[in-house]
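Subject: A structure for you to look at

Hello,

Here is the structure I promised to pass on. Please open it alongside this note, and my findings follow below.

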Amino acid sequence: SVLGPNHHGSGKPISVYPSGEWILPNGKIEIDTEVVSALIKEAEILKPDASAHLQEHSIEVQIPFILTRSPKAKLVPISMYDYSKKSIKKLSEALFKIISKSQERILLVASSDMTHYEAPGFAREQDFKAIAKIEKLDLDGFLSVVEREEITMCGAGPVGVVMETSRLLGAKKGEVLIYTNSGETCSPGTEVVGYLGLVFK
């Protein structure tokens, strides 16, 4: 399942693409309707709504990486603009129940940029305030610091869901694989976007 922010606010607050397939330049990926149906039954806040995904890029950018590693993978795309702690916990509990019962391997991915359009040093400082809470699987602390420090990561909700679901599944910590910013991969500038790769273990 890939969870991403709904930047446009279209469709339902927490929406899953219900069926069919997504076509990308490097292949296509089928929607896992079995898992989608089970999740909709388990989580009343999750609504089937294709319209929330039509103008959104946050999930589709992850698919080429998934297909490269697992060409036969299926997709459960969940788009969010409701980042309330109550909703995050409800969706996390539903995902935990479905994953715990499943005979298949289910990968959870949260798609999010980190700090947007700030100087590299300030972006790093801001981001690591959030990362410190993510590493500890501290959902309350994470949501609080993002709000208090006005950290401009776009996918706090999706990250919170994957963090909390991982904790329920028995993860003890988050481990940073890489932290970088857009200035490291293109022309260095005074304003960058932060990027983080992290796994829960």
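Among contacts in the protein between residues at least 6 apart in sequence, 76% link residues at least 24 apart, where a contact means heavy atoms within 4.5 Å. Before you read on, please bear in mind that this is a predicted model, in which local features need pLDDT of at least 70 and side-chain atom pairs count only at pLDDT 80 or more, while totals for chains, interfaces and linings use all residues. Residues are numbered from 1 along each chain as its sequence is written, and side-chain values use heavy atoms, with hydrogens and water left out.

On overall form, a compact globule of 201 residues would have a radius of gyration near 17 Å, and the protein agrees with that at 16 Å (taken over C-alpha atoms; the globule rule is 2.2 Å times the number of residues to the power 0.38). Along the principal axes, the C-alpha atoms fill a box of roughly 45 × 35 × 30 Å. Of the 201 residues, 45% count as buried (buried is under 20% relative accessible area, exposed over 50%, partly exposed in between, with a 1.4 Å probe and protein chains only).

The protein has six helices and 10 strands; these are DSSP runs numbered from the N terminus, with helices being H or I of at least four residues and strands E of at least two.

I looked at helix α1 (residues 33-42) in some detail. Its buried residues are Val-35, Val-36 and Leu-39. Seen down the axis of α1, these fall within an arc of 100°, so they line one face of the helix (the arc is that of the directions from the helix axis to the C-beta atoms). Glu-34 and Lys-41, on the other side of α1, are exposed. What do the buried residues of α1 pack against? Their partners are β2 (14-16), β4 (27-31), β7 (77-80) and α3 (85-101).

Strand β4 also belongs to an open sheet of three strands, in the order β3-β4-β6 with mixed pairing (two strands pair if DSSP finds at least two bridges between them). The edge strands are β3 and β6 (74-75), each pairing on one side only. β3 and β4 run antiparallel, joined by four bridges, and form a hairpin with two residues between them. In a regular strand the side chains alternate between the two faces of the sheet. In β3 (residues 21-24), Trp-22 and Leu-24 make up the covered face, and Glu-21 and Ile-23 the uncovered one. Trp-22 has Ile-29 as its bridge partner in β4.

Best wishes
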